[in-house]
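Hi everyone, thanks for coming. Let me put the structure up, and then we can walk through it together.

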Amino acid sequence: MDVILDVCDRHLLTPYVYSTSWQEDDILRQFISLFFITVIGGTLVYIIPATFSYFFIFDHKLKEHPLFLKNQVRREIIYTLNSVPLMAFITTFLFVLEVRGYSKLHSNFTNNALGYAGVAFSVVTFLLFTDMCIYWIHRWLHHKLIYKYIHKFHHMWKVPTPFASHAFHPIDGFLQSCPYHMYAFLFPLNKFVYLAMFVFVNFWTVSIHDGDYRVPPPLEPLVNGSAHHTDHHLFYNYNYGQFFTLWDRIGGSFRTPSAFEGKGPMVEVNRVLRERHDNGKSGKKQTIVEKTTCNGHGYNLRTR
Ligand SMILES: [Zn+2]
Ligand SMILES: [Zn+2]
């Protein structure tokens, strides 16, 4: 974040916002600047990819699913925008430590034994380390003593849209982002690579909520995609992973996505559309949600 803070200081904050007597390295000034940068940056890396994904990737037929909430898209966006400032506030403490030199971020690309291969190695270890930590944090958030206070808000969206990607309780959002910060304090990492990874993980988070259940066949056993994560929203105790299926397989929580078996959310959508077509607008039959559970095996639907 020091790169971004420097640019903001030089071109905006020092000449136009703060008094010239307020030193750029003053800790309170850094905190205030980083807080606003995080709120604005966090909102942009959410709203831009989510909007693009919603209009160009998300299958709008999913909105006909019986578990899709009334005004869900609006509620997802409002929930996220309400959470971002508090999420940013907590995160800013870590960014202040980072810009004050307590992290292991550096600006060298080739100043390591492996050269550019070392950069690629750090990207791989970043993904593996954060995937492992997020798996266990996410699993802990599903503990029955914790779930209802923090994580259940992200499971309001049974059939998520890309706008649900960041719709977390602020503590939940912070905890699940912690591994990205932890990596920078534990392992050497180029600061530009870190920024690129920061943008990437936000895009990825949107992508696993985009309702596009396809994964290139060679990667299907390895990658945790939208099909896996949608089943997590529906069935709760499976597929906690972020990037890979590795820790779900080790932890015994892997479940082959229903969409891969031809039983995904679109089956329900097509059934609803068929019923509506068969019964006309008078709607003699109507699909209703009979039960949703958070401890077992998802939802049951019936018609009446
Ligand atoms: Zn989710
Ligand atoms: Zn969850």
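Starting at the N terminus, the elements of the chain follow the order α-α-α-β-α-α-α-β-α-α-α-α-β-β. That comes to 10 helices and four strands, where helices (H or I, at least four residues) and strands (E, at least two) are DSSP runs, numbered from the N terminus. Please keep in mind that this is a predicted model: local features need pLDDT of at least 70, side-chain atom pairs count only at pLDDT 80 or more, and totals for chains, interfaces and linings use all residues. As for labels, residues are numbered from 1 along each chain as its sequence is written, while chains are lettered from A and ligands numbered from 1 in the order in which they are written.

Now the overall form. The C-alpha trace spans about 75 × 45 × 40 Å along its principal axes. Of the 304 residues, 33% count as buried; buried here says that 20 or more other C-beta atoms lie within 10 Å of the residue's own, exposed that 12 or fewer do, and partly exposed is in between, with C-beta atoms placed from the backbone. Among contacts in the chain with a separation of 6 or more, 67% come from residues 24 or more positions apart. Two residues are in contact if their C-beta atoms, placed from the backbone, lie within 7 Å.

Let's turn to helix packing. How do H2 and H3 cross? The axes of helix H2 (residues 27-56) and H3 come within 8 Å and cross at roughly 135°, which makes H2 oblique to H3. Axes are lines fitted to C-alpha atoms, for helices over the stretch in contact, and angles run from 0 to 180 degrees between N-to-C directions. Angles under 35 degrees count as roughly parallel, over 145 as roughly antiparallel, 65 to 115 as roughly perpendicular and the rest as oblique. The crossing of H2 and H3 is right-handed; that is the clockwise case, while left-handed has the near helix turned anticlockwise from the far one by less than a right angle.

On the H2 side, the contact residues include Phe31, Leu34, Phe35 and Val39, and on the H3 side they include Val84, Ala88, Phe89 and Phe95. By class, this contact has 13 nonpolar, seven polar and no charged residues. Nonpolar covers Ala, Val, Leu, Ile, Met, Phe, Trp, Tyr, Cys and Pro; charged covers Asp, Glu, Lys and Arg; the others, Gly among them, are polar.

Phe89 counts as partly exposed because it has 15 C-beta neighbours inside 10 Å.

H3 also meets helix H6 (residues 170-186): their axes come within 9 Å and cross at roughly 20°. H3 and H6 are therefore roughly parallel to each other, and their crossing is right-handed. Among the residues that meet are Leu86, Ile90 and Leu94 in H3 and Phe174, Ser177 and His181 in H6. The contact of H3 with H6 has seven nonpolar, five polar and one charged residues.

Finally, have a look at the loop between helix H8 (226-235) and helix H9 (246-251), where you will find Tyr236. Tyr236 is not a glycine, yet its phi is positive, near 65°. Asn239 lies in the loop between H8 and H9 as well, and has a positive phi of about 50°. Are they buried or exposed? Tyr236 is buried, with 23 other C-beta atoms within 10 Å, and Asn239 counts as buried with 25 C-beta neighbours inside 10 Å.
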